[in-house]
Amino acid sequence: MANHKSSVKRIRQTEKRALHNHYYAKTMRNAVRKLRAMTNKEEAASLYPKVQKMLDKLAKTNIIHKNKAANLKSSLAKHINKLG
């Protein structure tokens with residue numbers, strides 16, 4: 001157990017932030033899965049900007065790495081372009 005008040009507070013803050021980050025990362029993963037599962041090009045193209053915005057925000061706040069966000073956006077764009 002922590003010996004200092006500041007370390008106890010730090011543990012509380014870390015747990016709270018981790019819970020917050022897990023929520024947004026999971027939401028992002030579900031959105032990406034939903035977009036990849038789509039077969040209609042128009043629906044996928046309309047959802048893509050929302051997912052792209054979500055990825056950019058998460059990369060900006062270091063919840064995911066900026067290169068991961070870029071790779072996901074690229075692969076999703078390829079997926080949408082492949083749809084007929």
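Q: What's the handedness of the crossing of H1 and H3 here?
A: In this model, which is predicted, the crossing of H1 and H3 is left-handed.

Q: And at what angle do the axes of those two cross?
A: The axes of H1 and H3 cross at roughly 20° and come within 10 Å, and because angles under 35 degrees count as roughly parallel, H1 is described as roughly parallel to H3.

Q: Which residues meet there?
A: From H1 the residues are Met28, Val32, Leu35 and Arg36, and they meet Leu72, Ser75, Leu76, His79 and Ile80 of H3. Sorted by class, the contact of H1 with H3 has 6 nonpolar, 2 polar and 1 charged residues.

Q: OK, what about H1 and H2, how do their axes cross?
A: The axes of H1, which covers residues 5–37, and H2 come within 10 Å of each other and cross at roughly 155°, which means that H1 is roughly antiparallel to H2. The crossing of H1 and H2 is left-handed.

Q: Which residues make that contact?
A: On the H1 side the contact is made by Tyr24, Thr27, Met28, Ala31, Val32, Lys34 and Leu35, while on the H2 side it is made by Ala44, Leu47, Tyr48, Val51, Met54, Leu55 and Leu58. By class, the contact of H1 with H2 holds 12 nonpolar residues, together with 1 polar and 1 charged.

Q: That leaves H2 and H3, so at what angle do they pack?
A: H2 and H3 pack at an angle of about 175°, and their axes are 10 Å apart, so H2 is roughly antiparallel to H3.

Q: Who meets whom in that pair?
A: In H2 the residues are Lys41, Ala44, Ala45, Tyr48, Val51, Gln52, Leu55, Asp56 and Ala59, and in H3 they are Lys66, Ala69, Leu72, Lys73, Leu76, Ala77, Ile80 and Asn81. The residues of the contact of H2 with H3 divide into 11 nonpolar, 2 polar and 4 charged.

Q: What is Leu55 in contact with, leaving aside its neighbours in sequence?
A: If the neighbours within four places in sequence are left aside, Leu55 is in contact with Met28, Ile64, Ala69, Leu72, Lys73 and Leu76.

Q: Is Lys73 buried or exposed, then?
A: Lys73 is buried, because its relative accessible area is 18% and the cut-off for buried is under 20%. Leaving aside neighbours within four places in sequence, Lys73 is in contact with Tyr48, Gln52, Leu55 and Asp56.

Q: Changing topic, how many aromatic pairs does a search of the whole structure find?
A: The search of the whole structure finds 1 aromatic pair. In that pair, the rings of Tyr23 and Tyr24 have their centres 4.9 Å apart and their planes at 80°, so the arrangement is edge-to-face.

Q: How accessible is each of the two tyrosines, Tyr23 and Tyr24?
A: Tyr23 counts as exposed, at 52% relative accessibility, whereas Tyr24 counts as partly exposed, at 37%.

Q: Last stop, where does Gly84 lie?
A: Gly84 lies in the segment after H3, and at 97% relative accessibility Gly84 counts as exposed. The C-alpha atoms of Gly84 and Glu42 are separated by 9.6 Å, although these two are 42 residues apart along the chain.

Q: And Ser46, how far is it from Leu35 in space?
A: Ser46 and Leu35 are 10.0 Å apart from C-alpha to C-alpha, and they are 11 residues apart in sequence. Ser46 is found in helix H2, where at 48% relative accessibility Ser46 counts as partly exposed.

Methods: Residues are numbered from 1 along each chain as its sequence is written. This is a predicted model: local features need pLDDT of at least 70, side-chain atom pairs count only at pLDDT 80 or more; totals for chains, interfaces and linings use all residues. Side-chain values use heavy atoms; hydrogens and water are left out. Contact means heavy atoms within 4.5 Å. Axes are lines fitted to C-alpha atoms, for helices over the stretch in contact, and angles run from 0 to 180 degrees between N-to-C directions. Helices (H or I, at least four residues) and strands (E, at least two) are DSSP runs, numbered from the N terminus. Angles under 35 degrees count as roughly parallel, over 145 as roughly antiparallel, 65 to 115 as roughly perpendicular and the rest as oblique. A crossing is left-handed if the near helix is turned anticlockwise from the far one by less than a right angle, and right-handed if clockwise. Ala, Val, Leu, Ile, Met, Phe, Trp, Tyr, Cys and Pro count as nonpolar, Asp, Glu, Lys and Arg as charged, and the others, Gly among them, as polar. Rings of Phe, Tyr and Trp (its six-membered ring) pair if their centres lie within 6.5 Å; planes under 30 degrees apart count as stacked, over 60 as edge-to-face and the rest as tilted. Buried means under 20% relative accessible area, exposed over 50%, partly exposed in between (1.4 Å probe, protein chains only).
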